[in-house]
Amino acid sequence: MKRLTVPAIQRRKVDGATAKPVVMLTAYTARMAQLLDPHCDMLLVGDSLGQVIYGLPSTVPVTLEMMAAHGAAVVRGSYHSIVVIDMPFGSYEASPEQAFASAARLLKETGAAAVKLEGGAAMAPTVRFLTERGIPVVGHVGLTPQAINILGSYAARGRSGAEADKIVSDAVALDQAGAFAVVVEGVVEPIAIAVTEAVSAIVIGIGASAQCDGQVLVTEDMLGLFERTARFVKKYENLAGVIETAVKSYSAEVSARSFPSADQTYAPKD
Ligand code: KIV
Ligand code: NA
């Protein structure tokens, strides 16, 4: 299996509703990437690793160093999916030049193919600057977690008419600037559909609509590693329960001196 390319993903849009939806999940480690890779089109090294891996309160403290380290691990663990790395807060907003330096570093140090950044029309000049210089960009509109200190909560966006119009016009601005895909997160469904119809970029929904061109979820959320998740997360497993059961058994066997048993111990040669 050859690694998918950005143009191959873009062609899915041309085929419209008959196209195969784009399957995307987050990955932060090599082993998880290995497990997800055969079943995905794109792997996102999301800055959600701030909460999921590092126990941070939001994505705001995540650094370029963290993204580069986990990005390299995910590229090493995959050979089929396009690997997209999130640009962390503070690494791209100041200027297109700052964004290019950060994005180039991520691609050079990891081997990933593309970056993702949050924001709408204000980020369009940056998206154009990067794409014209060889860096494919995924946009991210609607609920943008790096703006938590402005938004005040992770509630769904686009419930008011003015906010809804801005989400659509933001996505159009990113599309016209050359973004090959746009993540639409946490928006009322009609907005997700309007965005999908308005742009030529691939629209990837999360808390959006099944009518988007593809879907993404945080892998640990959909595997049920956390009790509390957003309403839009479907839990396909109960990983927290699986781990708890296993660790309880281990703890009981260690306490009872029944682990390790003969199978797990080395006997001398003669
Ligand atoms: O960081 C992340 O995991 C993301 C997805 C939820 C889209 O940005
Ligand atoms: Na993110």
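How many of the six residues of strand β5 (residues 137–142) are buried? Here are some notes on that and a few other places to look; please keep in mind that this is a predicted model.

1. Strand β5 is mostly covered, with six of its six residues buried. Its partner is strand β4 (residues 114–116), and the two pair in the parallel sense over two bridges. If you want a landmark for the pairing, find Val 115, which stands opposite Val 137 in β5.

2. Strand β2 (residues 42–45) is also worth a look, as both of its faces are covered. Met 42 and Leu 44 are buried on one side, and Leu 43 and Val 45 are buried on the other. In a regular strand, side chains alternate between the two faces of the sheet. Strand β1 (residues 22–26) runs parallel to β2 and is joined to it by three bridges, with Leu 25 standing opposite Leu 43.

3. The largest nonpolar core has 74 residues, and Val 182 and Val 184 touch the most other members. Helix α8 (residues 161–177) supplies the largest share of this core, seven residues. Leaving out residues up to four places away in sequence, Val 184 touches, among others, Val 141, Ala 171, Val 195 and Cys 212.

4. An unreviewed UniProt entry annotates Glu 185 as "active site". Glu 185 counts as buried because 23 other C-beta atoms lie within 10 Å. Beyond its neighbours within four places in sequence, its contacts include His 140, Gly 142 and Ile 206.

5. The unreviewed UniProt entry also gives "binding site" at Asp 47, Ser 48, Asp 86 and Lys 116. These positions span 70 residues in sequence, yet no two of their C-alpha atoms are more than 12.4 Å apart, so they gather at one spot.

6. Asp 47 is in the loop between β2 and α3 (49–52), while Asp 86 is in strand β3 (residues 82–86). Asp 47 is buried, since it has 30 C-beta neighbours inside 10 Å; Asp 86, with 29 such neighbours, is buried too. Asp 86 is in contact with Asp 47 and Lys 116, among others.

7. Finally, the ligand. The residues surrounding ligand 1 include Asp 47, Ser 48, Asp 86 and Glu 185. By class, its shell has five nonpolar, three polar and three charged residues.

How values were computed:
Residues are numbered from 1 along each chain as its sequence is written. Chains are lettered from A and ligands numbered from 1 in the order in which they are written. This is a predicted model: local features need pLDDT of at least 70, side-chain atom pairs count only at pLDDT 80 or more; totals for chains, interfaces and linings use all residues. A nonpolar core is a set of buried Ala, Val, Leu, Ile, Met, Phe, Trp, Tyr and Cys residues joined through C-beta atoms within 7 Å. A residue is buried if 20 or more other C-beta atoms lie within 10 Å of its own, exposed if 12 or fewer, and partly exposed in between; C-beta atoms are placed from the backbone. Helices (H or I, at least four residues) and strands (E, at least two) are DSSP runs, numbered from the N terminus. Two residues are in contact if their C-beta atoms, placed from the backbone, lie within 7 Å. UniProt positions are given in the numbering used here, feature names are shortened, and annotations may be inferred rather than shown by experiment. A residue is near a molecule or strand if its C-beta atom, placed from the backbone, lies within 6 Å of it. Ala, Val, Leu, Ile, Met, Phe, Trp, Tyr, Cys and Pro count as nonpolar, Asp, Glu, Lys and Arg as charged, and the others, Gly among them, as polar. Two strands pair if DSSP finds at least two bridges between them.
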